[in-house]
Amino acid sequence: MENLISKRQITAKVTKLTWERIWLHLEVKVAFAEGADKDSKLSFYLINGLFEPKAKLKVEGIDGDTYKLKINITNPGNGLCLPQGTYSMIVCQKKRQMAKAEIAESLVKEMSSASRNFLYGGRAKVYSVTFYVTEGDEGLPFIMYVLAGGRTGISAPVAHAAKKGFHPKEQLKKKYSKINKPLKVDMYWKYRKKYKHKSGKPVVMFMSEQSTSISTNLKAVKDRMLARGMDKDYIIVESYRSSVTNPRQGIKSWMDMLKKMAMSDFIFLDDHAPVLDWLILDKDTTLIQLWHAGAGFKSSGYSRWGHIGCPAPYSCHRQYKYGISGSKNIAHFFSEVWGINDSQVLPTGMPRIDEYLDEGYRAKKTKELYDKYPMCRDKKVILFAPTYRGTNKANAHYPYELIDFGRLYELCGDEYIVLFKMHPWVASEVPIEEKYKDRFADVGRYPNINDLFYITELLITDYSSNIFEYSLMKKPMLFFAFDKIQYSFSRGFHRPYEESAPGKVCATFDEVLKAIEEQDFEYPKVEEYVEKHFDYIDSHASDRVIDWIILGQLPDSVKKGLAADAAVNKELETLDFKPAP
């Protein structure tokens, strides 16, 4: 690439640095010398110390002479974190290097505060992004330093044998426990060699490491494949384990799962699978994430990088060839979570919605629910269904003491019935006193919350993704977000909560009661939510998953997006940013 930086036809200064979770936003003011080309497109690249381009910044917009740029440091476009290194920013035009970006003098004092440390690995490791200015350089060149580090000791050295807590047997156990993963990896590849294409038919696997049974999107796609008679031309295999909560799976369980994974051409997941954090699948295997979350608020995966429980720089998510979402408008929420590109998130709609929207199914379930909970007949049902508090299944809970059961009971009168459906991870039952049981019921053991939406007139939730399905009922919602600030800090939101909640947000239970009494639900937000989150409102999402992914019939718009991302990555491999001789 021709280097014309010394000619100073273009100069560029970074005037603003801000963060939005894992997104770094930059504003770059560009100036053109007299006679310079002001019309041709500008491109902005991050170049490491070896003059290798490692990222092309996305141009969000242009405001006069200021370019608004952004980069996702967990995925600059290739599905991996921005590598370690010292980066400068080069401005290019027509495959020519035109300027090396500098820092505006007004921004120098803010460089330190703009730097970020993202902790991961149980807070024992860190991914650091630092901005600084060096002495001796001409001008103030923009410099960004990226480092991945780990915890180090800061106390005085201690003799090994005298180290507190040193137990030879425990050390030996740890040593040999590390053999497990390499052995399992070896087992997978041996199975792959033995069983790959042995049957002569493509193999489709449905897999969960979160549950011992199939459900939601996985079940919908599998059932649809069977309904279409695809089991004649495809071999369908299944593996459902609760290894997340019970990691001590026996060797038989491992052998069975690894064999099925090895023989598969397509693997459909329903959530994070820890085994794929360290087992890299054969490149010929297509891994697809059919995550159950329609689109809530709480951050997950790489969206909450730096928070407790976030993934490592490389994890299961990096292996997804595709994920799915309800619409193109919300694809970026999912791609951010998984650390993949927007183009890889296919707006098929959620397969589990197929059954949910079926009128025959709805009529059947409505009758069953009234038979099961006769107290709901001829009443308006309020469904209280918040998410859990805590970091995982082991410590999941809900602060029931915040619910004023007595006042809620009085408010119900002869008009309302309240059903409490807590998150499945919350083990403790709702403390409903006997005197309230004619108007309150704990339906936590009812298997499918979506069915309950048919008889619900008002949903009370907080940060849960259950709003996705419920919104299609075109009924009001309330959001009891008593810990919005704490939740935002510890868990993180991937979009502004107050603006995005399709209903009235209440900070106290008093506000919840007042909203119900005054029928103040801010209902128009529901219709706005539906318009944004659904490209299709029909019963064909499972068919789209099958047709687009298994049969390879991707829409042209999807192909175009995938091709554009591939072209950028290819460009980064071929560009030469070596300085002029």
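Me: Two strands count as paired if DSSP finds at least two bridges between them. With that rule in hand, what makes strand E2 (residues 10-20) and E10 a pair?

Reply: The model is a predicted one. In it, E2 and E10 are linked over two bridges, in the parallel sense. Val 14 stands opposite Ile 103 in E10.

Me: How do you know that E2 and strand E3 (residues 23-32) pair, and in which sense?

Reply: Ten bridges join E2 to E3, and the sense is antiparallel. Because at least two bridges are required, these strands also count as paired. Lys 16 has Glu 27 in E3 as its bridge partner. E2 and E3 form a hairpin with two residues between them, and Arg 21 in the turn has a positive phi of about 55°.

Me: What pairs with E3 in the antiparallel sense over seven bridges?

Reply: That partner is strand E7 (residues 66-72). One of the bridges sets Val 28 against Tyr 67 in E7.

Me: Why are E6 (58-63) and E10 (102-103) said to stand at the edges?

Reply: The open sheet has five strands in the order E6-E7-E3-E2-E10. E6 and E10 each have a single partner strand, so one side of each lacks a neighbour in the sheet. The pairing in this sheet is mixed. In general, strands of a sheet pair through backbone hydrogen bonds, either parallel or antiparallel.

Me: Why are helices H10 and H15 called roughly parallel?

Reply: Helix H10 (residues 405-412) and helix H15 (residues 509-518) pack at an angle of about 0°, and their axes are 11 Å apart. Angles under 35 degrees count as roughly parallel, and H10 and H15 therefore receive that description.

Me: Which residues make this contact, and how do they divide by kind?

Reply: H10 contributes Arg 407, Leu 408 and Leu 411, while H15 contributes Phe 509, Asp 510, Leu 513, Ile 516 and Glu 517. Five of the residues are nonpolar, none is polar and three are charged. Leu, Phe and Ile count as nonpolar, whereas Arg, Asp and Glu count as charged.

Me: Why is Gly 552 called partly exposed?

Reply: The relative accessible area of Gly 552 is 47%. Buried requires under 20% and exposed over 50%; the value falls in between, so Gly 552 is partly exposed. Gly 552 lies in the loop between helix H17 (541-550) and helix H18 (556-574). Its C-alpha atom is separated by 38 Å from that of Phe 577, 25 residues apart along the chain.

Key:
Residues numbered from 1 in each chain as written. Predicted model: local features only at pLDDT ≥ 70, side-chain atom pairs only at ≥ 80, totals over all residues. Heavy atoms only, no water. Helix = DSSP H or I, 4+ residues; strand = E, 2+ residues; numbered from the N terminus. Buried < 20%, exposed > 50% of the residue type's maximum accessible area, 1.4 Å probe, protein only. Axes fitted to C-alpha atoms, helices over the stretch in contact; angles between N-to-C directions. Parallel < 35°, antiparallel > 145°, perpendicular 65-115°, else oblique. Contact = heavy atoms within 4.5 Å.
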